[in-house]
Amino acid sequence: MIETPAAAVMSDELAHLVDFFSIGTNDLTQYTLAIDRQNAKLDEFYDPHHPAVLRLIETVVKNAHKAGIWAGICGELGADTTLTETFLKMGVDELSVSPGCVLPVRKAIREAF
């Protein structure tokens, strides 16, 4: 699991030690933005679309592919259909979503290109 900015930054080295990366977007967002996602008073600051979060995800995917492994998205962000096309362009290999989100995500993938 890639869940911290440190793991994302070091993903080029970690990629040689594992078979795949699963990017835990809930924790990655929280730790990247230094926002407690369980504190409702901070909800307006918790932004999983933040460029820093997306850049870390893209870095992990690129490093995974350079090492010949795949990278998937795990967490609520995988079901965010406003980012599906972005993830596809990044080369994300898998989107892990809850069963209720499969059809909307599948539709977003079909419509992306």
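**Aromatic pair, strands and core**

A search of the whole structure finds 1 aromatic pair. This is a predicted model, in which local features need pLDDT of at least 70 and side-chain atom pairs count only at pLDDT 80 or more, while totals for chains, interfaces and linings use all residues. Residues are numbered from 1 along each chain as its sequence is written, and side-chain values use heavy atoms, with hydrogens and water left out.

Student: Are the rings of F20 and W70 stacked, edge-to-face or tilted?
Tutor: Rings of Phe, Tyr and Trp (its six-membered ring) pair if their centres lie within 6.5 Å; planes under 30 degrees apart count as stacked, over 60 as edge-to-face and the rest as tilted. The ring centres of F20 and W70 are 4.7 Å apart and the planes meet at 5°, so the pair is stacked.

Student: How many residues apart in sequence are the parts that this pair ties together?
Tutor: Helices (H or I, at least four residues) and strands (E, at least two) are DSSP runs, numbered from the N terminus. F20 belongs to strand β1 (residues 20-24) and W70 to strand β2 (residues 70-74), so the parts tied together are 50 residues apart in sequence.

Student: Is F20 buried, partly exposed or exposed?
Tutor: Buried means under 20% relative accessible area, exposed over 50%, and partly exposed in between (1.4 Å probe, protein chains only). W70 has a relative accessible area of 32% and is partly exposed. In β1, 4 of the 5 residues are buried. F20 has 41% relative accessibility, and therefore counts as partly exposed.

Student: Which residues is F87 in contact with, leaving aside its neighbours within four places in sequence?
Tutor: Contact means heavy atoms within 4.5 Å. With those neighbours left aside, the partners of F87 are L54, I57, I73, L77, V92 and L95.

Student: Is A34 buried or exposed?
Tutor: A34 is in the loop between α3 and α4. Its phi is near 55°, a positive value in a residue other than glycine. At 69% relative accessibility, A34 counts as exposed.

Student: What separates the C-alpha atoms of H50 and T29?
Tutor: H50 is placed in the loop between α3 (25-33) and α4 (51-66), and at 30% relative accessibility it counts as partly exposed. H50 and T29 are 21 residues apart along the chain, and their C-alpha atoms are separated by 8.3 Å.

Student: What radius of gyration does the chain have?
Tutor: The radius of gyration is taken over C-alpha atoms, and the globule rule is 2.2 Å times the number of residues to the power 0.38. For 113 residues, a compact globule would have a value near 13 Å; the chain agrees with this, at 14 Å.
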